[in-house]
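Please look over the sequence and the structure shown here before reading on. The notes that follow are grouped by topic.

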Amino acid sequence: MILPFVKLGTLALKTFCKPIARRLKKDAGLHPKFRQCIINVAQANHRFSTNVQRRIYGRATDAAIRPLNEEKAVQAAADLLGELFVFTVAGAAVIFEVQRSSRSEARKEELRRQELEAMKQRDDDIAREIEILKQKVEELEQLSKGRGVTSIFHFRHPHTSEAEKAKHT
């Protein structure tokens, strides 16, 4: 019952985070201190990605890397910030879904374990009952060998006298 609402909520959260990311990208360069911070992040990201590309293509990595101009750096950092925001929200939604699913599986596993334990208990009870019945059957067999079947079930023979009846009781 709750599953569709959780899925819809996750989808809505992902949908709402895209305009927020766009707004972050738009407003990223307006505050002077934040602008300088994101420019530094963009320049570091540019140097890293350029070095990785050079290594992949087998070019020299010790050559100087030209820094991005300020506007390109702000735009690159704003894009990175927006993508990071969307990715973080999506990752959090995935983690939430996995945890919810694992809790559900843990509850199901606990129920299965309890059912199995109850079945084992019933099996043990039945085994005890069988043992008791076996003992009773053995006792009856011993009695029947010693006294005969008629004495076990107290059958009366029509030709027995009252004196013989008194003797058996």
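Glu-131, Glu-138, Glu-139 and Glu-141 gather in a patch of negative charge on the surface, where a patch is made of residues with over 30% relative accessible area and no salt bridge, like charges being joined within 9 Å and nonpolar side chains (Val, Leu, Ile, Met, Phe, Trp, Tyr) within 5 Å. The model is predicted, with local features needing pLDDT of at least 70 and side-chain atom pairs counting only at pLDDT 80 or more, while totals for chains, interfaces and linings use all residues. Residues are numbered from 1 along each chain as its sequence is written, and side-chain values use heavy atoms, leaving out hydrogens and water.

**Charged patch**
- Glu-138, a member of the negative patch, lies in helix H3, which covers residues 70–147; a helix here is a DSSP run (H or I) of at least four residues, numbered from the N terminus.
- A salt bridge is a side-chain nitrogen of Lys or Arg within 4 Å of a carboxyl oxygen of Asp or Glu.

**Nonpolar patch**
- Phe-48, Val-52, Ile-56 and Tyr-57 form a nonpolar surface patch, with about 470 Å² of accessible area together, as computed by the Shrake-Rupley method with a 1.4 Å probe.
- Tyr-57 is found in helix H2 and counts as exposed at 59% relative accessibility, since buried means under 20%, exposed over 50% and partly exposed in between.

**Ala-90**
- Ala-90 has its place in helix H3 and is partly exposed, with a relative accessible area of 23%.
- Ala-90 and Leu-11 are 79 residues apart in sequence, and their C-alpha atoms are 9.3 Å apart in space.

Conventions. Lys, Arg positive; Asp, Glu negative; His and termini not counted. Charge placed at Lys NZ, Arg CZ, Asp CG, Glu CD. Helix = DSSP H or I, 4+ residues; strand = E, 2+ residues; numbered from the N terminus. Buried < 20%, exposed > 50% of the residue type's maximum accessible area, 1.4 Å probe, protein only.
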